[in-house]
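Me: I am new to this structure and would like a friendly walk through it. Could you show it to me before we talk?

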Amino acid sequence: MPHVDLAVTSKRDLNAALHALPANTNETHWHIANPEGAHALAAGINAPVTVEIDGHAGYYCAGMNSQATVIVNGNVGVGVAENMMSGRVHVKGDASQAAGATAHGGLLVIDGNASARCGISMKGVDIVVKGSIGPMSAFMAQAGNLVVLGDAGEALGDSLYETRIFVRGAVKSLGADCIEKDLRPEHEEILAKLLSAAGVEGISPSEFRRYGSARGLYNFHVDNASAY
Amino acid sequence: MCGIVGLFLKDPALEPELGRLLTDMLVVMTSRGPDSAGFAVYGTGDAQHLKVTLRGPRLDEVADALAGIAVAQRRDTHLVLTFARDAEDRVRGWLALNRPDLVVTGTGRRIELYKDIGLPRAVADRFALPAMRGTHGIGHTRMATESAVTTDGAHPFSTGHDQCLVHNGSLSNHRSLRRRLEHEGLGFTTDNDSEVAAGYISWRLREGDSLTAALEAGLDDLDGFYTFVIGTENGFAVMRDPISCKPAVMAETDRYVAFGSEYRALAGLPGIETARIFEPEPARAYVWERN
């Protein structure tokens, strides 16, 4: 179980060591001390290992993650798990802007709040935020699920494609082409799975409202040809 | 890109440490702005005296010539003159007549304002920032994108007594706003967009706005990207544009309120482990004032 103290080891050496891990490594649980808000911590891992960061991380933490589980016992800066492909990223504190941006797969869990543009352009990742999310979240989001136990800021889901958005609290306003939709049994099933995966207990899927694309912006209608 | 830091102390016991803490914060932000750096520190002062920070060459001549009127403290390329309020006309008159080449970087009861090109570490050491004491201070590290790397382009900008502003971002309507403010009687010494933002806040305060109201008025009148940190004689404020284009993180404890462009800048503060750490919301004025 490697322990890396960033007061002693450079971040570059840490990331290089994580990148060099083979798929069958025995070093499966890493502890990182003294992150002090450093950027790009545990970014670009491609191995089924667990990396636990004790403290606050900076920008792009666990970016491009594949297979790994990254746990942050603190807050993260801009772009946590951006472009994640698979695996799991769990932030115990708050996340700054653009959490899970462009991510293709995996699960991002944020115990606190996420600020502006959470899930911007998400492409298949599942994001569960136990607090609230900031304005312009899920902007141009294409696939995957965004689950919010608290409230959502202005312009939620602006120019949305096929991401499903579930919000339990209040939505300040919906962005262009984002509408509320019925919460059907199949959606409650998806929600139940995601809540369970995120370790959320005592909250029923029926407490959420579902939002999605009206599909008026991104589909070409010949009747609207003059508008293009 | 630029880096901003700010520290507003609630606990007077930390006042001797202000300069040292601000230096460490500024140096961490070198990666966001290695071209130049500047800072304003609110130190001692009283209602009967005025402080003027000057920048330029041959400062010892100024100190000698005004020896009977003003107490002078030289720090590298800057000179702080402290004099009785009723001597203001004489000091300004002498400067206008004899040394129009000098730049006034800040004026007020308590503000001292220093800026120069170079790495933040070098700038802080040149002016002996680590040893400065005070109640609050703000600093800036600049990576020039819109204009040349000059001392004139470095932040903070001060456009009113004990007022100063640092800016990360860029404004697109600063030329028209400058003309409007010039009609209102404000003067500007550089072509910098951030100086216009500072002037705008000074103008609103002059017209009777509270600091909060001045910042909220800016939401309508300032077009562009900005995170501002503002200092007044007794206050400290933060404002981000409505789409929060530029980064910001804050920490608050019983002893201080701190601002950083990135959390890294706050990581060395005392008691940060238990501080309330939060990201200021877009389009919301955050103001702290001491009585």
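This is a predicted model: local features need pLDDT of at least 70, side-chain atom pairs count only at pLDDT 80 or more; totals for chains, interfaces and linings use all residues.

Me: How many residues of chain A are in contact with chain B?

Reply: Two residues are in contact if their C-beta atoms, placed from the backbone, lie within 7 Å. On the chain B side there are six nonpolar, one polar and three charged residues. (Ala, Val, Leu, Ile, Met, Phe, Trp, Tyr, Cys and Pro count as nonpolar, Asp, Glu, Lys and Arg as charged, and the others, Gly among them, as polar.) Those 10 residues of chain B meet, in chain A, 14 residues.

Me: Which strand gives the most to the side of domain 1 of chain B that touches domain 2 of chain B?

Reply: The domain assignment (bounds come from an automatic or database assignment) gives chain B a domain 1 of 2-43 + 111-289 and a domain 2 of 45-109. Their contact takes 17 residues from domain 1 of chain B and 14 residues from domain 2 of chain B. The domain 1 side has seven nonpolar, four polar and six charged residues. With six residues, the strand that gives the most to this side is β7 (residues 111-117) of chain B.

Me: How far apart are the end C-alpha atoms of helix α6 of chain B?

Reply: Helices (H or I, at least four residues) and strands (E, at least two) are DSSP runs, numbered from the N terminus. The expected span of a helix is 1.5 Å times one less than its number of residues. Helix α6 of chain B has 14 residues (193-206), so it should span 20 Å, and this agrees with its end C-alpha atoms, which are apart by 20 Å.

Me: Which strands are at the edges of the open sheet of seven strands in chain B?

Reply: Two strands pair if DSSP finds at least two bridges between them. The order in this antiparallel sheet is β7-β2-β8-β1-β14-β13-β15 (chain B). β13 (residues 249-252) of chain B is joined to β15(B) by three bridges, and A251(B) stands opposite I277(B) there. The edge strands, each pairing on one side only, are β7 and β15 (276-278) of chain B.

Me: Which strands stand at the edges of the open sheet of 11 strands in chain A?

Reply: The order is β1-β2-β3-β4-β5-β6-β7-β8-β9-β11-β10 (chain A), with mixed pairing. Each edge strand has a single partner, so one side of each is left without a neighbour in the sheet; these strands are β1 (3-5) and β10 (178-181) of chain A.

Me: Why is strand β8 of chain A described as largely enclosed?

Reply: Strand β7 (residues 123-129) of chain A runs parallel to β8(A) and is joined to it by five bridges. β8(A) also pairs in the parallel sense with β9 (residues 164-167) of chain A, over four bridges. The strand is largely enclosed by the rest of the structure because, of its six residues (143-148), the number buried is five.

Me: Is V222(A) buried or exposed?

Reply: V222(A) is in the segment after β11 (209-213) of chain A. Between V222(A) and A170(A) there are 36 Å in space, C-alpha to C-alpha, and they are 52 residues apart in sequence. Because V222(A) has 5 other C-beta atoms within 10 Å, this residue is exposed.

How values were computed. Residues are numbered from 1 along each chain as its sequence is written. Chains are lettered from A and ligands numbered from 1 in the order in which they are written. A residue is buried if 20 or more other C-beta atoms lie within 10 Å of its own, exposed if 12 or fewer, and partly exposed in between; C-beta atoms are placed from the backbone.
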